[in-house]
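Morning, everyone. Please have a look at the model on the screen, and then we will walk through a few parts of it.

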Amino acid sequence: MTTETATDVFETHRPVLLGVAYRMLGRVADAEDVVQEAWLRWSGADRGDVREPRGYLVRITTRLAIDRLRQIKSRGETYVGPWLPEPYVTDFGDTVPDTAERAVLADTVSLAVLVVLESLSPLERAVFVLREAFGFPYADIAAMLDRDEPAVRQLAGRARKHVEERRPRYRVDPAQRRDLTERFLAAAADGDLEGLMALLAPDVRLVGDSGGKSRAPLRVLHSADKVGRFLVGAARKGVEDFSVRLLELNGGPAVLVLSGGRPDSVFQLDVADSRVQAVYVVRNPDKLRTLPPA
């Protein structure tokens, strides 16, 4: 395999590698660093005996991501306020033609599921991502992680149970979710409390992630009244020279608020029964750097 061919092969599989690394780490910059390190190892390796490049590259990426995740956890960093994953632009395009596969990929990259994955051990998270998001056989995962297959199946069962107990149990039509997102945006931008209340479930939650670097609630808000009043208050305070755009983040529609053409905040909704069940707000500037400006 020539250097040029090796580059082409790697670029072909880059979206999958980035998808694995992001689901493992919940941070775009860390995921990109891991994929870059995987490239360095791939370009310098003896590729003569590599029969299945995709599996080989996923194995390298997964092991690097596990190491990075262990380093992050060992540092025991304290985070100011609630933590949410870094918003991740997802547009599967023609690379994922199957509707069922597209739904699985979108679900496993959602903010709600990634928050749950944070509570898994690095190995459990790796097994869950490889099995549930990308459908690798247990035998392949065992080889990637240097574990026997029964141990991998046990890890998968434990991780799946943990996620199922904590993940949202509702599913919603993408068109309905987008429609509710647009109506939510209009009501919030107009400071229309009555209009917002009509969209919010009685027990709706608002989770704001600022990392202590911008204004956002330092605790999760509960109830339609508290969430609605917070959103109306935020709209009245406004953002300097603001504009908004809809885009797909983490497998679903999201509202990107820009200030002077630069990302200021992201709003994304969990929806069920034609009501907003959760509002996720990311305002930590460190987590908005990779989003496209106006």
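Which residues of helix 8 are buried? They are V152, L155, A156, A159, H162 and V163. Buried means under 20% relative accessible area, exposed means over 50%, and partly exposed is in between, with a 1.4 Å probe and protein chains only. Seen down the axis of helix 8, these buried residues fall within an arc of 135°, so they line one face of the helix. The arc is that of the directions from the helix axis to the C-beta atoms. An α-helix has 3.6 residues a turn, so residues three or four places apart point the same way.

A word on the model before we go on. It is predicted: local features need pLDDT of at least 70, side-chain atom pairs count only at pLDDT 80 or more, and totals for chains, interfaces and linings use all residues. Residues are numbered from 1 along each chain as its sequence is written, and side-chain values use heavy atoms, with hydrogens and water left out. Helices (H or I, at least four residues) and strands (E, at least two) are DSSP runs, numbered from the N terminus.

Back to helix 8. What does its buried side pack against? Three helices: helix 5 (111–117), helix 6 (122–133) and helix 7 (138–145). Contact here means heavy atoms within 4.5 Å. Now turn to the face away from the buried side. That face carries the exposed residues P150, Q154 and K161.

Next, its length. Helix 8 has 18 residues, 149–166, and at 1.5 Å a residue it should span 26 Å. The expected span is 1.5 Å times one less than the number of residues. The end C-alpha atoms of helix 8 are 26 Å apart, which agrees.

Look at the start of helix 8. A side-chain oxygen of D148 comes within 2.8 Å of the backbone nitrogen of A151. That is a polar contact: a pair of N or O atoms within 3.5 Å, where, within protein, one must be able to donate a hydrogen and the other to accept it, and residues adjacent in sequence count only if both atoms are side-chain atoms.

S110 sits in the loop between helix 4 (99–108) and helix 5. A polar atom of its side chain lies 3.3 Å from the backbone nitrogen of V113. Is S110 buried or exposed? At 15% relative accessibility, S110 counts as buried.

On to helix 7. Its buried residues are Y138, I141, A142, M144 and L145. They cover an arc of only 160° around the axis, which puts them on the same side of helix 7. Just after helix 7, D146 has a positive phi of about 55°. Most residues other than glycine have a negative phi.

Now the strands. Strand 5 (262–272) and strand 6 (275–282) pair antiparallel over seven bridges. Two strands pair if DSSP finds at least two bridges between them. D273 counts as exposed, at 73% relative accessibility. S274 is partly exposed, at 42%.

Last stop, strand 6 itself. Seven of its eight residues are buried. Strand 6 also runs parallel to strand 1 (residues 200–209), joined by six bridges. There, D209 has V282 of strand 6 as its bridge partner.
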